[in-house]
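Open the model in your viewer and keep the sequence panel beside it. The tour goes from one selection to the next and says what is found at each stop.

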Amino acid sequence: MAETDFSHLGQLLTYATGCDARIAIWVAPEFTYEHTHALHTLNEWVSGKIAFYGVKVEVYRRANTTCLEPKFRRVVAPGFWNKEITLPSGAMSSLKRKCHDFFQQLQDGLPDARLFHDPVIRFDYTGRLFCSRKDGRIGYAVYLGGGNDAWVTFHIEAEDKIQTKEIFDRLSADSKYIEESIEVGPDPEWFWNRANGKLFSSVSIRRDGSINDPPEKLEDTLQWMRENLIKFKDFFDNRLEELLAAPAPGGERRE
């Protein structure tokens, strides 16, 4: 799947003006800085006459199925520009290739492919999310970008925001036990992120690391990430059935 290009931008403008459209929506798997900047500027120029939207499409697989389903993320809208999920200008291709090769190597080295679904690209191209086979809305994420942060995360995004926060709160109440039970290496940095106001919550560990590190350090980060991805899955998957079946507010059990 490729990022946006100038030919599609031209087609969008041609069709929108030819149809006298009031809304124009560009759907793509990746949006470059140049093209999101163009949509953002168009919205400023033609405010009130036509609205331009950029929508990023991602694909994930629900647990216990072979069906792929789309997930749409807004990148550009009138008065809105999500630069965090916009591919940077300049040396994007080199960094994107490094990330692709790194995560492919991580995936290829997992001990049993049946334990993990094929990952979904997250955080632009600097992360991957392996959906849990217990519930496809919940999963295990890894991240490594051009800064100095390497992450392994238990990503919680359940049926709705209320259930997501309930699951996080139940886990957070046992945070000391969980941190002692998962051996993630010396001097672990744990982060418990309830993410109030957002649809997800997360439990993560972090260490220093960059996709631009020399090969020997990058290999060490890869091993750390792979080992702890497996440990996170082994631990949290054992808790998921109980957590997802927890009573909803008012005493009713969730189905």
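The model is a predicted one. Asp 187 is not a glycine, yet its phi is positive, at about 50°. Is Asp 187 buried or exposed? With a relative accessible area of 72%, Asp 187 is exposed.

**The whole chain**

Now show the chain as a cartoon. Six helices and ten strands make up its list of elements. The chain has 255 residues, and 45% of them count as buried. Consider the contacts between residues at least 6 apart in sequence: 62% of these join residues at least 24 apart.

Select Asp 20, in the loop between α1 and β1 (23-28). Asp 20 also has a positive phi of about 50° without being a glycine. Its relative accessible area is 52%, and the cut-off for exposed is over 50%, so Asp 20 counts as exposed.

**Helices α1 and α2**

Next select residues 6-18, helix α1, together with residues 33-45, helix α2. Two packed helices are described by the angle between their axes and the distance between the axes. For α1 and α2, the axes come within 11 Å and cross at roughly 20°. That angle is under 35 degrees, so α1 is roughly parallel to α2. The crossing of α1 past α2 is right-handed.

Which residues make the contact between α1 and α2? From α1, show Phe 6, Leu 9, Leu 12 and Leu 13; from α2, show His 35, Ala 38, Leu 39 and Leu 42. Sorted by class, this contact of α1 with α2 holds seven nonpolar residues, one polar residue and no charged residues.

Stay on α1 and pick His 8, which belongs to this helix. At 38% relative accessibility, His 8 is partly exposed. Draw a distance from the C-alpha atom of His 8 to that of His 35: the two are 27 residues apart along the chain and separated by 9.9 Å.

Then move to Pro 29, in the loop between β1 and α2. Pro 29 has 17% relative accessibility, and the cut-off for buried is under 20%, so Pro 29 counts as buried. Its C-alpha atom is 8.3 Å from that of Val 55, and these residues are 26 apart along the chain.

**The largest core**

Now go to the largest nonpolar core, which has 40 residues. Among its members, Phe 154, Met 225, Phe 232 and Phe 236 touch the most other members. To see where the core comes from, colour the elements that give it two or more residues: α3 (92-108), β7 (139-144), β8 (150-156), α4 (161-173), β10 (201-207) and α6 (215-244). Which element gives the largest share of this core? The largest share, twelve residues, comes from α6.

Centre the view on Phe 154. Leaving aside residues up to four places away in sequence, Phe 154 touches Ile 138, Gly 139, Tyr 140, Leu 171, Ser 201, Ser 202, Val 203, Phe 232, Phe 236 and Leu 240. Another core, of 15 residues, lies apart from the largest one; Leu 9, Leu 12, Trp 26 and Trp 81 are among its members.

**Helices α4 and α6**

Select α4 and α6 together. Their axes come within 11 Å and cross at roughly 125°. That makes α4 oblique to α6. The crossing of α4 and α6 is right-handed. On the α4 side the contact is made by Gln 163, Ile 167, Arg 170 and Leu 171, and on the α6 side by Phe 236, Arg 239, Glu 242, Leu 243 and Leu 244. These residues divide into five nonpolar, one polar and three charged.

**Last stop: Phe 235**

Finish on Phe 235, which is found in helix α6. Phe 235 is buried, with a relative accessible area of 15%. What does Phe 235 touch, not counting residues up to four places away in sequence? Show Tyr 177, Ile 178, Ser 181 and Ile 182, which Phe 235 touches. For one of these, Ile 178, also check the C-alpha distance: Phe 235 and Ile 178 are 57 residues apart along the chain, with C-alpha atoms separated by 8.6 Å.

Terms used
Residues are numbered from 1 along each chain as its sequence is written. This is a predicted model: local features need pLDDT of at least 70, side-chain atom pairs count only at pLDDT 80 or more; totals for chains, interfaces and linings use all residues. Side-chain values use heavy atoms; hydrogens and water are left out. A nonpolar core is a set of buried Ala, Val, Leu, Ile, Met, Phe, Trp, Tyr and Cys residues joined through side-chain atoms within 4.5 Å. Buried means under 20% relative accessible area, exposed over 50%, partly exposed in between (1.4 Å probe, protein chains only). Helices (H or I, at least four residues) and strands (E, at least two) are DSSP runs, numbered from the N terminus. Contact means heavy atoms within 4.5 Å. Axes are lines fitted to C-alpha atoms, for helices over the stretch in contact, and angles run from 0 to 180 degrees between N-to-C directions. Angles under 35 degrees count as roughly parallel, over 145 as roughly antiparallel, 65 to 115 as roughly perpendicular and the rest as oblique. A crossing is left-handed if the near helix is turned anticlockwise from the far one by less than a right angle, and right-handed if clockwise. Ala, Val, Leu, Ile, Met, Phe, Trp, Tyr, Cys and Pro count as nonpolar, Asp, Glu, Lys and Arg as charged, and the others, Gly among them, as polar.
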